[in-house]
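The following report describes a single protein chain.

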Amino acid sequence: MDRNALPVAVVGAGPVGLAAAAELVERGVSPLILETGDSAGAAMRSWGHVRLFSPWRYDIAPAARRLLERGDWVAPDGEAYPTGHELVERYLRPLAACPEIAPHLRLAHTVTAVTRLGFDKLRTAGRDDAPFAITARTPGGEVALLARAVIDASGTFIAPNPLGAGGTPATGEREAAARIRYGIPDAQGRERPRYEGRRVAVVGSGHSAFDTIIALAALGAGTTVTWIVRRPFADTKYGGAENDALPARGALGARMRRLVDSGAVRQELLRIAAVRQAGDAVYLRDDAREFGPFDEIVATTGFRPDLAPLRELRLRLDDVLEAPTALAPLIDPNVHSCGTVPPHGARELGHPEKDLYIVGMKSYGRAPTFLMLTGYEQVRSIACALVGDTDGAARTDLVLPQTGVCSGGSECCDEPAADCGSPANTCCGAGDSLAPITVTFPGARSG
């Protein structure tokens, strides 16, 4: 079998997966794109009502734009801010329909296992020469597919973190599932009846919590919002406000701060151990206290990677974040929460399993902050590596925007917050470990 004649499997047809496919096509490599949903961007549709932090001109991968511009695609207004739905309809669907992409896209293909053909994790001799064997579940049954390399851009959306502070579901959490919504609800739209005039607890401390609380607070006086956080909420966690390189992101934190300062939203500190139902009400408790009653709980507690399909492959992941070990120190929220992450690619994302790469949101493991342009740069570098372009793989083509604040303080960087994103800094920047930076422009959150 000529392994090099096989396609490169791309798992996931979201923004980063399709960007990977576009990069491969430009280099004459056939992708095999496996998407679990019934359309490109299926996961993004579930939060389609959410507006992105950055305008259109930063949301479209360069290789994807070049493909789209070969046809009759009309580029959106570069200064407008798309919702998730708009990103799918005006970008991902047209990209998936491109004649260079469409023949390689397999919808309703849920990847359940990836291994080396004829090799379990223990066997070494000849391993790198074997193709990857992929098992996918489809409406017609299981299928077996072969690939020369695998780019896993499947994201983390299918695996939300539980309410339990210990990383596992709280006692009673599963039984209360009907009262719990994971992710950002469409509180101003189709889910408004569920939350309007109700007592709602929002659990989480990131931008998804901000989005949710702001939307709920706008429903009116009949809706009460309690914000549950696991640890004291430092001022820096609201973000850099007007100092943020992405103004929409800075404005979100500023609006959230005003809601808390005005008393419109009550903040409570609670490490949830149990969820208790009593009639139509639900309560949240730790070992000593209980809060409630609530009618609804919204868990904006983040997501985690599903690594089960990769179990028989040899991965090198950080013990804490479940991200590649070379990337983990750059994104670890225990160290800092700067929005500026050094550009990185094939070198940082490689594993002992040759030609396997985990990219996009999934590459960040359990770290909470990811920008789409990070993923676009990842797959550009990886596509270069797969065709033997070592110079292209090593080059980095962007600097991500600063948030205007660094939560690491003096333990993280020696620079003031406004300067913390400098590549010279060891915490928030590239230091000497990564290639030189050549082009600077902001990025967009992935949702």
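## Aromatic pairs

The structure contains three aromatic pairs, where rings of Phe, Tyr and Trp (its six-membered ring) pair if their centres lie within 6.5 Å, and planes under 30 degrees apart count as stacked, over 60 as edge-to-face and the rest as tilted. In one of them, the ring centres of Phe 210 and Trp 227 are 6.0 Å apart and the planes stand at 85°, so this pair is edge-to-face. It links distant parts of the chain, with Phe 210 in helix H6 and Trp 227 in strand S10 (residues 224-229), 17 residues apart. Helices (H or I, at least four residues) and strands (E, at least two) are DSSP runs, numbered from the N terminus. Phe 210 is buried at 1% relative accessibility, and Trp 227 is buried at 0%; buried means under 20% relative accessible area, exposed over 50%, partly exposed in between (1.4 Å probe, protein chains only).

Tyr 364 and Phe 370 form an aromatic pair that is also edge-to-face, at 5.0 Å centre to centre with 80° between the planes. Both Tyr 364 and Phe 370 are buried.

## Basis of the model

This is a predicted model, in which local features need pLDDT of at least 70 and side-chain atom pairs count only at pLDDT 80 or more, while totals for chains, interfaces and linings use all residues. Residues are numbered from 1 along each chain as its sequence is written, and side-chain values use heavy atoms, with hydrogens and water left out.

## Two buried residues

Leu 216 lies in helix H6 (residues 207-217) and is buried, with a relative accessible area of 0%. Leaving out residues up to four places away in sequence, Leu 216 touches Ala 187, Tyr 195, Val 200, Val 202, Thr 223 and Val 225; contact means heavy atoms within 4.5 Å. Leu 216 and Glu 196 are separated by 20 residues in sequence and by 7.7 Å in space, C-alpha to C-alpha.

Thr 300 is placed in the loop between strand S15 (296-299) and helix H8 (328-331). With 8% relative accessibility, Thr 300 counts as buried. Beyond its neighbours within four places in sequence, its contacts include Gly 183, Val 202, Ser 208 and Thr 212.

## A three-stranded sheet

An open sheet of three strands has the order S4-S5-S6, with antiparallel pairing; two strands pair if DSSP finds at least two bridges between them. Strand S4 (110-116) and strand S6 (141-147) stand at the edges with a single partner strand each, so one side of each has no neighbour in the sheet. Direction ignored, neighbouring strands of this sheet are turned by 20° against each other on average.

Strand S5 (residues 132-138) and S6 run antiparallel and are joined by seven bridges. Phe 132 stands opposite Ala 147 in S6.

## The chain as a whole

The secondary structure comes to 12 helices and 16 strands. Of the 447 residues, 53% count as buried. Among contacts between residues at least 6 apart in sequence, 69% join residues at least 24 apart.

The mean pLDDT of the chain is 85, and 83% of its residues reach 70 or more; pLDDT is the predictor's confidence in each residue, from 0 to 100. Over residues 404-447 pLDDT stays under 50, and the model has 118 contacts beyond four places in sequence for them. Where pLDDT is low, the predicted coordinates should not be read in detail.

Key. Axes fitted to C-alpha atoms, helices over the stretch in contact; angles between N-to-C directions.
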